[in-house]
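Here's a protein model to explore together. Take a look at the sequence and the 3D view first, then we'll walk through a few spots.

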Amino acid sequence: MSTSGVQSNGEGHATALDLAKSPQTKLVFHSAQHQQTYDHQTGLVSLSPLASLPDADQSLFKLPQETQASIYAITTESTIFHPQGGGQPSDIGELLINSQDGNQHTFNVLTARTSATNPMVVLHFGHFTTANPPDQQLSGASVNQLVNADKRHLFSRLHTAGHVLGAATRTLLENRIENFDELKASHFPDSAACEFQGSIDGKYKPEIQTSVDEMVAQDAEVRISWWTKADFRGRGLERLVPSDEDWKGIAVAVDEDGRAGLEGVEGVEDRETDDERTRIRVVDIVGAEVYPCGGTHVASTRQCGKVTVKKISRQKGNSRVSYLVD
């Protein structure tokens, strides 16, 4: 277990190294088999008071100022926690930190975010259940990560439902609405919506609902895959390929199943120069639509449950279709 990222601040507490030099966090939730995995064993890398982080990383934590004195940021070798991003809320839960002296310390994770100063690192923000953090060194500590299962399952259903809504709306209206295109989406429980280029009249709402219902009822497989640029082109989906800059920021050296270690593309420098062999993660609603996506999902469209189209609003030539799941 690597613990080189843990240091003492002179008071017995572990503090984080410069995040720019911190090792990459392995994103366990990216794996297809871990979409609904709620616990994971890993190792502690760093523990730091919120105030000691770079300003850009401190600003990721949005709770009131008076609560921030007790807030810490923990990084781990790998994580099952999905950090907020891509339209999906952060997972919440607990870290059970097992120190070498046999004691266990519970850390409540209030939010997880990708570091603003090192996008390869996930910060777990929260507080210890005791008044103060552990007094002893935590070098060598193992960490049992426990994600709130109810929240994760809800967020996964909402995220998949958003893709279902996008695919259903595209299939229905792509050739009926001038300049139609999918733009972005939010999968938060209180503001779930898909945004589209083009003006979608409210009269289409019943048709969209019917199309969504049909796609959910089909119980189509929701498949996690890893594609090269050639994969997109071979399927006629060039419109989905991110810009070169975005590709270099998110592509990784993995095989088509997401396993690390693609031969010949091992490091960051190779990833930046060989964007034809690196891959990005996609979510494929089999038989319907493909989306570049890093979020968590249910295994089939039926597992979304009832998806209700709430409202269609229009502004400046674009449209927003809101939705909810039961």
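## Strand 4 and its neighbours

How many bridges join strand 4 to strand 5 (residues 72-76)? Five, and the two strands run antiparallel. Helices and strands here are DSSP runs numbered from the N terminus (helices are H or I with at least four residues, strands are E with at least two), and two strands pair if DSSP finds at least two bridges between them.

Strand 4 is mostly covered, with eight of its 11 residues buried. Buried means under 20% relative accessible area, exposed means over 50%, and partly exposed is in between (1.4 Å probe, protein chains only).

## Where this comes from

This is a predicted model, so local features need pLDDT of at least 70 and side-chain atom pairs count only at pLDDT 80 or more, while totals for chains, interfaces and linings use all residues. Residues are numbered from 1 along each chain as its sequence is written, and side-chain values use heavy atoms, leaving out hydrogens and water.

## Rings that pair up

A search of the whole structure turns up six aromatic pairs. Rings of Phe, Tyr and Trp (its six-membered ring) pair if their centres lie within 6.5 Å; planes under 30 degrees apart are stacked, over 60 edge-to-face, and the rest tilted. Phe180 and Phe196 are stacked, at 5.5 Å centre to centre and 25 degrees between the planes. This pair links distant parts of the chain, 16 residues apart: Phe180 is in the loop between helix 2 (149-173) and strand 11 (181-186), and Phe196 is in strand 12 (residues 193-197). Phe180 counts as buried at 10% relative accessibility, and Phe196 is buried at 0%.

Trp227 and Phe232 have ring centres 5.1 Å apart and planes at 75 degrees, so they're edge-to-face. Trp227 is buried at 6%, and Phe232 is buried at 0%. Tyr72, Phe107 and Phe128 form one aromatic cluster.

## Charges over rings, and a tucked-in threonine

The charged end of Arg235 sits over the ring of Trp227, 4.2 Å from its centre. For this, NZ of Lys or CZ of Arg must be within 6 Å of the ring centre and within 35 degrees of the ring normal. Likewise, the charged end of Lys229 sits over the ring of Trp247, 5.4 Å from its centre.

Buried or exposed: which is Thr278? Thr278 counts as buried, because its relative accessibility is 0%.
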